Amino acid sequence: MTLAPESPTSGTVSSLGFLPDSSSALPMEEDRRSYLTAIAPPNSAPEDASNPLQTANGIYVTIHGHFYQPPRENPYLDAIERQPSAMPFHDWNERIYYECYRPNAFARVLDDQGQVLGIVNNFEYLSFNIGPTLMSWLERHDPQTYQRILEADHKSAARLQGHGNAIAQVYNHIILPLANQRDKTTQIRWGLADFRTHFGRDAEGMWLAETAVDYPTLEALIQEGIRFTILAPSQALRCRPLPTAEDPNPQWHEVGGNQIDPTRPYRCFLRGKTDAEPGSYIDIFFYDGPISRDMGFNDVLSHSQHLAGRLGQAVRGDHRPTQLIAVATDGETFGHHKSGTEKTLAYAFLEEFPRRNWTVTNFAHYLSLSQPTWEVELKPVTAWSCAHGVDRWQDNCGCGGEGGHWHQQWRRPLRDTLDWLRDQLIKVFEEQGKLLFKDPWAARDAYVQVVGDRSPESVEQFLAQHRSHKLTPSEQVDALRLLEMQRHALLMYTSCGWFFEELSRPEGVQILRYAARALELAGDVAGVQLEKSFLKRLGQAPSNVDCFKTGAEVYRQLVIPAQISLEQVTAHYAISSLFTAYPAEHRVYCYTTHQLDYQLQRLGALTLAVGQLQIVSDITRETATLIFAVLHLGGWDFHCCVQSFTGRRDYNRIKDVLFNSLQQASAAYSIGIMNQTFAGNSDFQSHTYSLQNLFGEERHRIRQLLTQETLTRLNHLYTQVYRDNYGVLMAFHQDQMLVPHELQVAAEIALGQRVLTALKVLEQELGDLGSGMSLGGMSALKELGAIATEASHLRCHLNHREAQQTLERLIVRSLYHLLHNLDATHANLEMQYLERLIESGYNLNLPLSLERAQEVYFNCFPGQILPRLLNFQQQTTPTLDLPSVAADRCATSQKLEANFLRQLLLLGQKLGVNVNFWLQQFA
């Protein structure tokens with residue numbers, strides 16, 4: 001998509017990348033960084049009285065992105081498991097990350113040829129909030145994007161008089177008007193504390209889940225020091241100018257039909273409060289509803305000019321000195337819901353808005369320039385995605401039905417059931433918590449510091465601060481269990497569970513999993529059995545799906561089977577140990593395992609492992625010592641038994657019996673002995689497990705390992721079929737006849753395997769590039785070329801994801817090495833190698849993404865390439881006055897340098913980077 005104007009002038013595009021205005025001299029030294037990094041801040045006017053960054057003056061624009069994903073972590077593993085619906089990605093967080101979060105951190109500005117003019121960090125210009133659980137996921141899975149977001153906030157604060165773009169969010173997206181007072185407070189405090197941890201400063205504003213609000217919610221925000229929030233225009237009831245000495249009782253204006261003017265901030269007073277009382281008000285911004293809807297559902301984001309034109313329609317022509325055009329939408333709109341729209345934003349921020357003399361700002365900065373002169377009263381209870389107040393999260397209001405025939409009668413019983421459970425858990429928490437904590441509720445509010453850092457030091461520091469006395473190890477476990485019980489009680493109210501049309505959707509099942517974990521922890525600490533009563537109440541929630549009937553059956557079929565015990569973690573360890581040599585200490589998700597003993601024997605197709613394991617939960621610190629035996633019968637057949645460790649003598653006896661049974665070389669006999677031995681002691685309970693009981697990720701890995709031998713044999717078979725029938729295939733194609741499907745498949749599989757083999761050779765050979773490419777590497781490159789030719793002749797499609805990703809890695813690694821080691825002796829060969837890598841991808845019709853390589857080139861250009869370009873221009877002098885020999889040497893040297901620099905620029909062009917201006921210097 002081309003996001004620059006259809007017919008840009010050179011001057012219009014020049015401020016974005018490597019393309020200065022060709023009619024002007026080179027940019028001044030202080031401007032070069034802006035040209036080369038494409039992040040020149042808009043409105044970088046000199047500091048004077050008319051500077052709109054310092055005084056309210058003119059039109060201001062704020063685009064707010066609400067970036068959020070519902071928590072998807074397995075409550076027992078503290079990790080997101082594989083989600084097949086997100087294929088080809090691991091899970092939906094990862095998929096949306098690739099489509100939205102990373103693209104906005106590295107947004108492209110393109111010229112009309114699709115070449116990259118600049119790479120923009122959109123978060124530097126967007127007002128945004130990011131859900132705490134999503135922010136933590138980004139920190140773990142892509143520190144680079146995470147750091148770009150933090151840097152964006154710091155840079156925006158530097159540009160906007162200390163007011164960063166990021167604001168906080170209610171912690172796990174619960175509907176605050178439906179929460180009790182304690183949960184309101186904890187959710188706000190956790191959101192603020194998490195924000196402070198990531199961004200290193202206090203949040204000025206807070207995004208409310210679904211913008212759901214009532215006056216008790218506003219009061220809770222005010223009590224925690226929040227200065228402003230953002231609401232939909234439909235949530236306002238009436239407004240008026242603030243009273244003054246001249247007009248102490250101005251007239252109210254009814255605006256209940258979306259009629260409020262969103263171009264100014266408003267002051268909202270608590271009921272019965274006045275301006276003179278501290279903590280009596282909060283400021284509110286209302287986003288422009290029609291434009292925000294158009295961004296989500298129309299083509300406004302298809303082009304930066306469309307976006308600017310639509311925003312321009314909101315500008316009021318009443319000659320007021322300043323006004324704010326503010327829009328808000330789901331942040332995932334920019335790239336996930338609407339592909340490529342992060343480019344629209346990037347060009348709009350850097351070109352379209354400044355061209356119209358609009359100032360890009362955020363709410364906190366605008367509030368510092370233009371204090372509210374109007375006040376507003378809100379409707380009693382409202383949200384931005386429900387026309388019925390907040391009934392979408394408690395009643396059969398029709399919202400979320402998406403025009404289908406399914407009802408939402410399950411919403412009220414689900415809400416009532418969780419409220420009942422919450423109240424029961426409050427009793428458990430207070431009764432048990434007062435035995436362990438000085439103030440249980442204060443401990444819960446502070447527990448977010450442990451959620452963000454579960455290191456032993458963090459946990460010890462937290463407990464030392466909040467315990468009522470020195471806790472024994474078992475008391476420490478109970479203390480952490482109680483706090484985890486409360487954490488899951490909060491998570492079970494995540495709004496997504498009610499948002500859609502059916503309880504058995506993944507969002508509804510997820511909140512029930514949190515409820516199940518809270519129930520389990522309450523039983524562990526206090527011995528209370530609440531699940532039976534919970535299910536009875538949940539049985540009143542009717543499901544639209546026949547196989548479930550009610551929420552109770554959803555719980556039985558989809559929640560209970562997913563629960564995980566320490567025994568299951570041990571079984572996971574035992575089965576996977578047959579394929580992985582574990583160290584003495586190893587982490588399995590949120591559990592730390594200590595291998596106390598492990599022995600393995602093989603006999604024919606049978607493999608038997610017996611071991612003793614101590615397992616510790618990194619979350620609750622509960623510990624168990626267990627023994628296991630696992631028998632692999634071959635293929636996908638496993639039999640595993642687990643039980644508690646009852647003593648060294650019993651364990652040694654079990655080992656002897658099991659290894660002796662293996663000598664019979666009978667799978668049935670060994671399984672019988674395992675079951676008999678592990679069930680032979682009535683003092684403890686044993687459980688049996690199979691491959692299906694492994695956690696999804698490891699089950700997927702082991703199945704891949706187990707099928708690899710079969711796949712290898714099939715690959716050899718297909719390769720032989722291809723070789724034996726190559727002439728037949730060519731004849732079919734030459735005569736333009738339909739090729740038998742079996743032969744075409746054999747050709748594609750055989751050629752695909754050859755591609756992977758050649759790429760693996762290249763990866764192995766890519767060691768010291770400074771010495772030039774090895775013979776093996778050059779041979780592999782030639783092989784890729786030959787494969788591409790064969791594939792073209794035979795019309796084979798080799799769209800192989802593994803090959804694509806491998807080739808992309810090779811390109812990035814090679815480019816990084818080249819640009820950080822610009823040794824002219826070897827650089828030309830390395831550039832040729834890089835070009836051949838890229839050409840190989842295109843010739844093989846692999847859908848290569850060069851984005852990471854473009855970013856490497858952009859990052860290195862100012863420090864590695866530009867100095868040589870400028871130095872070359874300065875040292876290119878006439879050689880007439882020099883002795884002939886010296887002149888020849890100088891000319892030769894200049895010619896070599898010119899050729900070298902030209903090759904570097906041509907490489908950038910091949911990567912899709914606009915370097916046209918610089919290439920013209922070497923024409």
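## Salt bridges

A salt bridge is a side-chain nitrogen of Lys or Arg within 4 Å of a carboxyl oxygen of Asp or Glu. By this rule, K655 pairs with D597, their closest N and O atoms being 3.1 Å apart. K655 sits in helix α22 (residues 648–662) and D597 in strand β16 (residues 591–603), so the pair ties together parts that are 58 residues apart in sequence. Helices (H or I, at least four residues) and strands (E, at least two) are DSSP runs, numbered from the N terminus. K655 is buried, with a relative accessible area of 9%. D597 counts as buried too, at 18%. Buried means under 20% relative accessible area, exposed over 50%, and partly exposed in between (1.4 Å probe, protein chains only).

The structure is a predicted model: local features need pLDDT of at least 70, side-chain atom pairs count only at pLDDT 80 or more, and totals for chains, interfaces and linings use all residues. Residues are numbered from 1 along each chain as its sequence is written, and side-chain values use heavy atoms, with hydrogens and water left out.

Salt bridges that share partners join R102, R108, D142 and E855 into one network.

R355 and E352 form a local pair within helix α10 (residues 341–355), three residues apart, about one turn of the helix. Their closest N and O atoms are 3.2 Å apart. R355 is partly exposed, at 40% relative accessible area. E352 is buried, at 2%.

## Nonpolar cores

A nonpolar core is a set of buried Ala, Val, Leu, Ile, Met, Phe, Trp, Tyr and Cys residues joined through side-chain atoms within 4.5 Å. The largest has 219 residues, and I63 and F353 have the most contacts inside it. Contact means heavy atoms within 4.5 Å. A second, separate core of 31 residues includes L578, A609, L626 and V642.

## A buried aspartate

D153 lies in helix α5 (residues 143–159). Its relative accessibility is 0%, so D153 counts as buried. The D153 side chain makes a polar contact with the side chain of R201 (2.8 Å). A polar contact is a pair of N or O atoms within 3.5 Å; within protein, one must be able to donate a hydrogen and the other to accept it, and residues adjacent in sequence count only if both atoms are side-chain atoms. Residues up to four places away aside, D153 touches G164, N165, A166, F199 and R201.

## Around T625

T625 belongs to strand β18 (residues 623–634). T625 is partly exposed, with a relative accessible area of 27%. The C-alpha atoms of T625 and I615 are separated by 6.3 Å, and the two residues are 10 apart along the chain. Leaving aside neighbours within four places in sequence, T625 contacts L596, Q612, L613, Q614, S644 and F645.
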